[in-house]
Amino acid sequence: MKNNKDGKLTIISLPIGNLKDITIRALEELQSSDLIFCEDKRITIKLLNHYNISNKLMSYNEHSDRSTREFIINQINKGKSISLVSDAGTPLISDPGYKLIRELKEKNLTVTSCPGPSSPITAITLAGLPTDKFFFSGFLPVKSKARKDYLLKIKNIESTIIFFESPNRIVKSLETILEIFGDRNIAICRELTKKFEEVITLKVSEAIKNLSSRDNIKGEIVIVIEGEVKKDKSQNLEAILKDALKSMSLSDAAKEISNYTNFSKKEVYNAALVLKDRKNES
């Protein structure tokens with residue numbers, strides 16, 4: 001079928017909380033679209049109703065298969081204007097969609113973007129941590145071992161790191177981050193742009209105490225944490241350990257050193273074991 005030059009797909013960013021955070025162009029595109037594909041119709045319809053937009057909604061989410069993509073391609077080939085949105089923020093950022101975009105580009109069909117809100121960008125601008133370079137990692141693995149293994153893989157990244165996390169897992173994830181990363185500076189960004197927006201920037205250990213003391217944590221959470229700090233790695237861990245072990249146990253020394261350097265408890269503990277073996281050999 002011959003491609004129709006008037007057909008296109010527009011990736012449209014929607015508000016992440018406050019419904020006023022939407023561009024004029026986004027509203028115009030949604031109003032003029034022949035079809036709007038979204039993750040969850042129940043969520044998107046609230047925004048459309050708020051702005052009196054009555055276009056037909058269809059689902060495109062993680063469960064969508066090739067037949068849905070083929071339907072969209074056919075509609076664009078017929079000259080239809082299609083919009084792709086997510087529940088909140090910018091589509092394709094920790095959301096389904098890249099396979100659709102890839103196929104459209106392979107077929108030389110028009111894909112454009114109507115940019116706007118994005119929770120990772122909003123969070124890093126509010127965190128008070130370095131913004132010159134950052135690594136976005138989406139959601140951390142749910143299972144404990146997988147989470148630890150993943151954090152070990154990325155712990156040496158020097159840029160600021162951004163995660164998503166759910167309220168019911170936030171404290172456990174922070175405890176794992178403390179164990180693997182050490183007591184770095186971190187920002188917990190909750191309910192961004194909404195009525196109860198909260199951004200706290202402190203040490204990981206302090207964040208754990210803060211959140212553990214709460215009865216009920218609600219809302220969507222973005223974690224922003226500083227990257228590996230090379231100057232801490234230049235410190236002589238062996239010398240620090242020898243001094244600390246004069247007055248405290250191995251476990252206490254590991255905890256204390258990780259609190260005041262960028263070494264994790266595991267690194268300190270392993271270094272202490274090496275020292276102990278060396279001492280026994282001599």
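Me: In this predicted model, two strands pair if DSSP finds at least two bridges between them. What makes β8 and β10 a pair?
Reply: Five bridges join β8 (residues 185–190) to β10 (residues 221–225). The criterion is at least two bridges, so β8 and β10 count as paired.

Me: Why are β6 and β9 called edge strands?
Reply: The open sheet has the order β6-β7-β10-β8-β9, with mixed pairing. Each of β6 (134–139) and β9 (198–203) pairs on one side only. Neighbouring strands of this sheet are turned by 15° against each other on average, direction ignored.

Me: What makes helix α6 a helix that packs on the sheet?
Reply: Contact means heavy atoms within 4.5 Å, and helix α6 (residues 144–154) touches β6 and β7 (160–165). The direction of α6 makes about 165° with that of β7. Helix α7 (residues 170–181), by comparison, lies across β7, β8 and β10 and runs at about 10° to β10.

Me: How do you know that β2 and β3 are paired?
Reply: Four bridges join β2 (residues 35–38) to β3 (residues 56–59); the criterion asks for at least two, so these strands are a pair. They run parallel, and Phe 37 stands opposite Met 58 in β3.

Me: Why is the β-α-β crossover from β2 to β3 called right-handed?
Reply: The chain crosses from β2 through helix α2 (residues 41–50) to β3. With the strands pointing away from the viewer, a clockwise path over the helix defines right-handedness, and this crossover is therefore assigned as right-handed.

Key. Residues are numbered from 1 along each chain as its sequence is written. This is a predicted model: local features need pLDDT of at least 70, side-chain atom pairs count only at pLDDT 80 or more; totals for chains, interfaces and linings use all residues. Side-chain values use heavy atoms; hydrogens and water are left out. Helices (H or I, at least four residues) and strands (E, at least two) are DSSP runs, numbered from the N terminus. Axes are lines fitted to C-alpha atoms, for helices over the stretch in contact, and angles run from 0 to 180 degrees between N-to-C directions.
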